[in-house]
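Welcome! Take a look at the sequence and the structure below, and then we can walk through the main features together.

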Amino acid sequence: MAAMLGAATAAVVALPAVATASPHDSETPVTVTREKGHVLACTGTASGVEVAVDLYDNDVFGTHAAVSVRTPDDEYARGGETGAGLFHKGRIKREFVLDSGTSGTAQTVVVSGSYVRSGPPKRVHEVYDEPFGQVVTKGWNYPLKAGVTVRTMGRQVKLTCGEAFAYKLTTWRPDSTAE
């Protein structure tokens, strides 16, 4: 499941930044986007039920959720794009329906909790290649402290969040429509 959001999370990994000008030479046409959003990755176990939740929102590129629930008898999963509104003014609350890959049944999962900024912001400077050329992302990550629970299968599972931050980024991508 972590691989599902890995590419999205990679764009907001904190590394030191040194320059503030456009990272591309003036002859390379680029598309510049200013993005903001949140990343949250949490896991937990209660009464034999293992839960993993990865939430990602980006005001330019959309909202994604990956949720899995594993019991000794079955595994339920849901991943991909979802409607906006995963994160709103310090609160998280969303209901998901997860499908079983083995039994053909479904389970409802309610993810809820809260988050606050925690710690100083961290500079972001990420450089990676895409099919049309080099992409450069610069900006800030704002660490979050999150308290999240999942209610499913008649149980409430308290989650521990390993990765949790908000971000504001500027990204320079080669213009794929340029000749």
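## The disulfide

Searching the whole structure, which is a predicted model, turns up one disulfide. Its partners are Cys 42 and Cys 161, with an S to S distance of 2.0 Å. What does this link tie together? Cys 42 belongs to strand 1 (residues 30-46) and Cys 161 to strand 10 (residues 155-174), so the bond connects parts that are 119 residues apart in sequence.

If you care about the geometry, the link of Cys 42 and Cys 161 is right-handed, with 90 degrees about the S-S bond. Is Cys 42 buried or exposed? Cys 42 counts as buried, because its relative accessibility is 2%, and the cut-off for buried is under 20%.

## Helix and strands

Which elements make up the protein? There are ten strands and one helix.

## Contacts and surface

As for burial, 40% of the 179 residues of the protein count as buried, and Cys 42 is one of the buried residues. The protein exposes about 9,800 Å², and 51% of that area is supplied by carbon and sulfur atoms.

Key: Residues numbered from 1 in each chain as written. Predicted model: local features only at pLDDT ≥ 70, side-chain atom pairs only at ≥ 80, totals over all residues. Heavy atoms only, no water. Disulfide = S-S within 2.5 Å. Helix = DSSP H or I, 4+ residues; strand = E, 2+ residues; numbered from the N terminus. Buried < 20%, exposed > 50% of the residue type's maximum accessible area, 1.4 Å probe, protein only. Areas by Shrake-Rupley, 256 points an atom, 1.4 Å probe, with all protein chains shown as cover.
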